[in-house]
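Visitor: I have a model to read. Please take me through its features one by one.

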Amino acid sequence: MKPTDAFYFASRAALGYPVRTGLMMLAMAIGVAAVVVLTALGEGARRYVVSEFSSLGSNLVIVLPGRSQTGGLGPSTMLGQSERDLTLDDALALLRAGSVRRIAPITVGVAEVSYRALSREATVVGTTAEFIEVRRLQLGQGHFFSQQDPRSAAAECVLGALLRDELFGPEPALGRWLRIGDRRFRVVGVMAASGQGLGFNTDEIVMVPVAAAQSMFNTNKLFRILVEAKGRDAVDAAKDSVTAIIKARHENKEDVTVITQDAVLGTFDRILTALTMAVAGIAAVSLAVAGILVMNVMLVAVTQRTAEIGLLKALGASNGHVRLLFFTEAALLSLAGALLGLALGEGGSALLRQVYPALPAYAPAWASAAGIGIALLTGILFSILPARRAAGLDPVSALSKR
């Protein structure tokens, strides 16, 4: 029997039983679509997190107050609890390191921002002139803080784009005075719209000099320090230098956590990749369920086509030819179902991107290929039993049922 004959026979058999064919294709399609959509969701989450961390800047070393006993990021670290706080003097001392290009100390708080009769609460970020370069942010209007002594509490501020629109509307904001908390600041710049990032919307913040923020919130501690190394090769050296300098200033105690941007990216990348693989594995289970359905439907088909099989064997078809016919039919139906599932999965991924524009929910190529491959393999494996049963039929007994 030629391959074309097997293909023709299997196609006619599939078209001859549309309900059975539709059920098998639907089972495979659901399994493949689940693999594609869930891996697209996982991959989208991974790309989103990696992109957000990359947008923080380049060659970054981040200094956080607090250090857990076992190392890494602990609750006390995230809450900024430590025996000794990070201070502005600590940040300025880091400039002594030869591998450090610039620093950006950060203090964060919430205060009421008001202009004439309009007011709202906003996140106030106290930092220095280097912050915009360390974070690679874009300025929309005016200028950022002038280069000056970080200990100087100049009465100037830079607004996020959304905050500017809400407070000033069509009026120009540059040069105007507004009230932040119990102090007045002159608007010297407006940031370009950049949107949400790691749960921190830069469009809704107001930035003031770090000394002014510390005075406003009556504190001398820093939320964290962003340190930019002089190059990618200098990141490790900068991390070591920062750790050594802070340790020397804190009575020889390592009470801060120093992490690199690459380490954070690598950790999230590994976690989210593992999550994507796990989700893909769970979705692949549905393909195994689809395979069981294929086997059951094809076992029924053997009963329905007993006379047809007997006639084939009476005409000289061997057991191998009968098995080949069933395998071909299973492969055709599995492939058709997988392609249908791929189309449904891509449609579902496109819908996800429409609903959540920030999430780049694109299924990786390996997931689509694996979905089709597993569907084919499952279809053929679960057709072995029906094919063997059909091949084992006695031609005389089979024909007698015609």
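Guide: Start with pLDDT, the predictor's confidence in each residue, from 0 to 100. The protein averages 83, and 93% of the residues score at least 70. This is a predicted model, where local features need pLDDT of at least 70, side-chain atom pairs count only at pLDDT 80 or more, and totals for chains, interfaces and linings use all residues. Residues are numbered from 1 along each chain as its sequence is written, and side-chain values use heavy atoms, with hydrogens and water left out.

Visitor: Where is confidence lowest, and where highest?

Guide: Helices (H or I, at least four residues) and strands (E, at least two) are DSSP runs, numbered from the N terminus. Helix 3 (residues 75-78) is lowest, with a mean of 50. Strand 5 (residues 156-159) is highest, at 94.

Visitor: How is the protein divided into domains?

Guide: Domain bounds come from an automatic or database domain assignment. Domain 1 covers 3-51 + 266-400, and domain 2 covers 84-254. Their C-alpha centres lie 56 Å apart.

Visitor: Which feature does UniProt place at residues 282-395?

Guide: UniProt positions follow the numbering used here, feature names are shortened, and annotations may be inferred rather than shown by experiment. The unreviewed UniProt entry gives "domain: ABC3 transporter permease C-terminal". In the model, residues 282-395 are 83% helix and 0% strand. The end C-alpha atoms of that stretch are 43 Å apart.

Visitor: Is I180 buried or exposed?

Guide: Buried means under 20% relative accessible area, exposed over 50%, partly exposed in between (1.4 Å probe, protein chains only). I180 is found in strand 6 (residues 177-180). I180 has a relative accessible area of 0%, so I180 is buried.

Visitor: What does I180 touch?

Guide: Contact means heavy atoms within 4.5 Å. Leaving out residues up to four places away in sequence, I180 touches A111, E112, V113, V124, C157, F185, V206, V208 and M216.

Visitor: How many salt bridges does a search of the whole structure find?

Guide: A salt bridge is a side-chain nitrogen of Lys or Arg within 4 Å of a carboxyl oxygen of Asp or Glu. The search finds 16. Take E43. E43 pairs with R46, the closest N and O atoms being 2.8 Å apart. E43 also meets R47 in a salt bridge, at 3.4 Å, N to O.

Visitor: Why are R47 and E43 separated by about one helical turn?

Guide: Because R47 and E43 are 4 residues apart in helix 2. E43 and R46 are 3 residues apart in helix 2 (residues 18-54), also about one turn. R47 counts as partly exposed, at 34% relative accessibility. E43 counts as buried, at 9%. Elsewhere, salt bridges that share partners join R101, R102, E133, R136 and E228 into one network.
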